[in-house]
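The following text goes through the structure shown here, with the interface taken up before a single residue.

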Amino acid sequence: MAVIKVTTENFEKEVLNSDVTVLADFNADWCGPCRMLKPIVEEIAEENPNIKVVSINIDDEDELADEYDVASIPCVVVFKNGVEVERSIGFRPKDAIVELLGE
Amino acid sequence: MYDIVIIGAGPAGLTAAIHARRAEKSVLVLEASSYGGQIINTPVIENYPAAADISGFDFAQSIYNQAVKLGAEIKFEKAIRIENTEYDKSVVTPKGSYKCKAVIIATGSLNRKLGLDNEDNLAGRGVSYCATCDGAFYKNKPVAVVGGGNTALEDALYLADIAQTVYLIHRRDTFRGEEATVSKLKQRDNVKFILNSTVTKLNAEKRLKSIEVTSTDGSTQTIEVNGLFTAIGRIPENQSFADVVSLDKDGYIIADETCKTNAKGIFTAGDNRTKSVRQLVTAASDGAIAATEAIKYIAE
């Protein structure tokens, strides 16, 4: 499945009310490590049709970043049933991100 | 069996890979995290010859593509040990062991931490080691910078434009960094100097709320900050190899401009080598030299 762009408007619907595990990638265009991580997150989305992968631009969505205590990016947060279960900060290899899903 | 295993895919390691591949040596590059190394955090590189205005990300991408196109194999595995016998060498990762004729250690360095309780838990929740990476999260909020070198001073100046207040905390009363930057900081109303002091405690709920600062006279104060930017130097990532190559007292691999370590057939390149100038261009230069010396060693 493709990566879904999430904003304050659709966060509740796409992330909190999701029936499946959500991997949320908080990022920004100016952040080098975020750009390194982007293709990995896209691959994970393609290879795992049973989960939902979303991208949140922290420059546009600073309220979401603040609400979820994101103060360093890239920051990947895994939500299950609307609750944060895992988080990783900074660039991580693909294996490490997949491991966060715990599926 | 590879001709050369290179540990680290930063500018030094990837430059070594390019040179080794052009000499038609088989090359495996092992990388624990992302290729490119710490340069990927730099928004704009301004001091590299003939690339006056390139982002660290684009630089890393370009050098990576160049190495891969020339036939370097890259595996994202962390080297945890080098086995060095009289006959051959192996580089060991959690996933396997790679035999080779020569090794180039180009692991770079990591940010030095304060060593406080819950520092790791608060990384990304108030604790940061990169002002240009994370500064944007602290618009109109109070922050502190720890350190006395150029990085700390430049971080403080960068943050002074973004944050409400910047407390600059340094364990001495004079700075190692440039006087010109200190003067600029003194002109800023929102920069407050806290000298002869160290951070002794991080107070947090979900994220950093305040820090305890202890002065050399023994007095303590609590300062409310949302962000703490630590710039107290870097430490080389050489500990895993201390049993095969000699390190200096700060942990750098002892090697001169030839990049040869005390162990035959093991070379080192980049920021983790003993040297006086640690820049992108000197990392690349080391990579070229280490590869050339490794090729010579294999031919012997």
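How many salt bridges are there between chain A and chain B? The count is seven, a salt bridge being a side-chain nitrogen of Lys or Arg within 4 Å of a carboxyl oxygen of Asp or Glu. In one salt bridge the side chains of Arg207(B) and Asp69(A) meet at 2.4 Å, N to O.

This is a predicted model, in which local features need pLDDT of at least 70 and side-chain atom pairs count only at pLDDT 80 or more, while totals for chains, interfaces and linings use all residues. Residues are numbered from 1 along each chain as its sequence is written, chains are lettered from A and ligands numbered from 1 in the order in which they are written, and side-chain values use heavy atoms, with hydrogens and water left out.

In the interface, 19 residues of chain A are in contact with 24 residues of chain B, contact meaning heavy atoms within 4.5 Å. Between them the two chains bury about 1,800 Å², with 56% of it on carbon and sulfur atoms; buried area is the accessible area (1.4 Å probe) that two parts lose on being put together, summed over both. Of the area that chain A buries against chain B, 34% is supplied by Met36(A), Asp69(A) and Ala71(A), more than by any other three residues.

Met36(A) is also one of the residues in contact with Ala60(B), leaving aside neighbours within four places in sequence. Is Ala60(B) buried or exposed? Ala60(B) counts as buried because its relative accessibility is 0%, where buried means under 20% relative accessible area (1.4 Å probe, protein chains only).

Conventions
Buried < 20%, exposed > 50% of the residue type's maximum accessible area, 1.4 Å probe, protein only.
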